[in-house]
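Trainee: I have a model open and some questions about it. Can we go through them one at a time?

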Amino acid sequence: MYAASSVLPYVLDHNVATSYIHDTIGGTAGAIFIVTLVTLAMRSVSIQKVMQPFAFLGRMILTNYIVQSIVCTFLFYSYGLGYYGHISIVEGLAIAGIIIFVQLLGSWIWMSLFSDGPLEKLIRYATYGRSR
C-alpha cells in the first residue's frame, strides 16, 4: 500500500487525485510501515545490542535536541557560519553523522556520571520541586 501510493503520481498522470492519495495514504502508510519495521527489528537481540548506545541519547533527548538546534543554527544561519544552501548532500550527511556521533559520545559520558541530562533534571525540578 505504501509503495503503491508513493509511486502513483509518477506512474499515472500527476494530478490532484494522485497527489492527494500520495499525500494522505502514503504518509500514514509509510509511518505505520516504519514503526512496524522498527518494532519487529528490536525483537532481535543482535539489533538491541547495536542500538544500545542510542538509549543514552534518548534518555537525554531534550538536552540533545536543544544542543543540536544551537549547533545547527550556528552552522546554517547568517549570524553563524551561513552554510545554508552552500553545502552538498554528502557534506550535510557528514555533518549530521558527526553531530550524532558527538552527541552519542557525550550522552554516554554524561549518563555514566549522572542519572539525568541537565535539561531533563531542570524540567523535573521545575515540575516536581525535586530531582530524582
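Trainee: Which residues does Leu 104 touch, not counting residues up to four places away in sequence?

Mentor: This is a predicted model, so keep that in mind throughout. Leu 104 sits in helix H6. With neighbours up to four places away set aside, the residues touched by Leu 104 are Pro 53, Phe 54 and Leu 57.

Trainee: Is Leu 104 buried or exposed?

Mentor: The cut-off for buried is under 20% relative accessible area. Leu 104 has 16% relative accessibility, so Leu 104 counts as buried.

Trainee: How far apart in space are Leu 104 and Asn 64, C-alpha to C-alpha?

Mentor: In sequence, Leu 104 and Asn 64 are 40 residues apart. In space, C-alpha to C-alpha, the separation of Leu 104 and Asn 64 is 9.2 Å.

Trainee: What pattern does the chain follow along the sequence?

Mentor: Start with the elements: the chain has seven helices and zero strands. Read along the sequence, the pattern is α-α-α-α-α-α-α.

Trainee: What percentage of the residues of the chain count as buried?

Mentor: The limit to apply is under 20% relative accessible area. The chain has 132 residues, and the buried part is 16%.

Trainee: How much of the contacts with a separation of 6 or more comes from residues 24 or more positions apart?

Mentor: Take the contacts in the chain with a separation of 6 or more. Residues 24 or more positions apart account for 50%.

Trainee: What does helix H2 reach from its first C-alpha to its last?

Mentor: H2 covers residues 16–41, which makes 26 residues. At 1.5 Å a residue, 38 Å is expected. The reach of H2 is close to that, at 36 Å.

Trainee: Where does H2 bend?

Mentor: The bend is about 30°. Its place in H2 is Gly 26.

Trainee: Which residues of H2 are buried?

Mentor: Gly 26, the site of the bend, is one of the buried residues of H2.

Trainee: Which residue meets Asp 116 in a salt bridge?

Mentor: Asp 116 is found in the loop between helix H6 (89–113) and helix H7 (118–128). Side chains of opposite charge can pair when their charged atoms come close. Here the N to O distance is 2.8 Å, and the partner of Asp 116 is Arg 124.

Trainee: How many salt bridges does the count come to?

Mentor: The cut-off is 4 Å between nitrogen and carboxyl oxygen. Asp 116 and Arg 124 meet at 2.8 Å. The count comes to one.

Trainee: In that pair, is Asp 116 buried or exposed?

Mentor: Arg 124 is partly exposed, with a relative accessible area of 22%. Asp 116 has 4% relative accessibility, so Asp 116 counts as buried.

Trainee: Which side chain is joined to that of Thr 63 by a polar contact of 2.6 Å?

Mentor: Thr 63 lies in helix H5 (residues 61–76). Thr 63 is buried, with a relative accessible area of 8%. Leaving aside neighbours within four places in sequence, Thr 63 is in contact with Gly 117, Pro 118, Leu 119 and Glu 120. The polar contact of 2.6 Å joins Thr 63 to Glu 120.

Trainee: How many aromatic pairs are there?

Mentor: Ring centres must lie within 6.5 Å to pair. By this rule the count is two.

Trainee: What is the angle between the planes of Tyr 77 and Tyr 79?

Mentor: Planes over 60 degrees apart count as edge-to-face. Tyr 77 and Tyr 79 form an edge-to-face pair at 5.7 Å centre to centre. Tyr 77 is partly exposed at 47%, and Tyr 79 is exposed at 59%. The angle between the planes of Tyr 77 and Tyr 79 is 85°.

Trainee: What kind of aromatic pair do Trp 110 and Phe 114 form?

Mentor: Trp 110 is partly exposed, with a relative accessible area of 30%. Phe 114 is partly exposed, with 41%. The centres of Trp 110 and Phe 114 are 4.4 Å apart, with 35° between the planes, and the pair is tilted.

Note on methods: Residues are numbered from 1 along each chain as its sequence is written. This is a predicted model: local features need pLDDT of at least 70, side-chain atom pairs count only at pLDDT 80 or more; totals for chains, interfaces and linings use all residues. Side-chain values use heavy atoms; hydrogens and water are left out. Helices (H or I, at least four residues) and strands (E, at least two) are DSSP runs, numbered from the N terminus. The expected span of a helix is 1.5 Å times one less than its number of residues. The bend at a residue is the angle between axes fitted to the seven residues ending there and the seven starting there. Buried means under 20% relative accessible area, exposed over 50%, partly exposed in between (1.4 Å probe, protein chains only). Rings of Phe, Tyr and Trp (its six-membered ring) pair if their centres lie within 6.5 Å; planes under 30 degrees apart count as stacked, over 60 as edge-to-face and the rest as tilted. A salt bridge is a side-chain nitrogen of Lys or Arg within 4 Å of a carboxyl oxygen of Asp or Glu. A polar contact is a pair of N or O atoms within 3.5 Å; within protein, one must be able to donate a hydrogen and the other to accept it, and residues adjacent in sequence count only if both atoms are side-chain atoms. Contact means heavy atoms within 4.5 Å.
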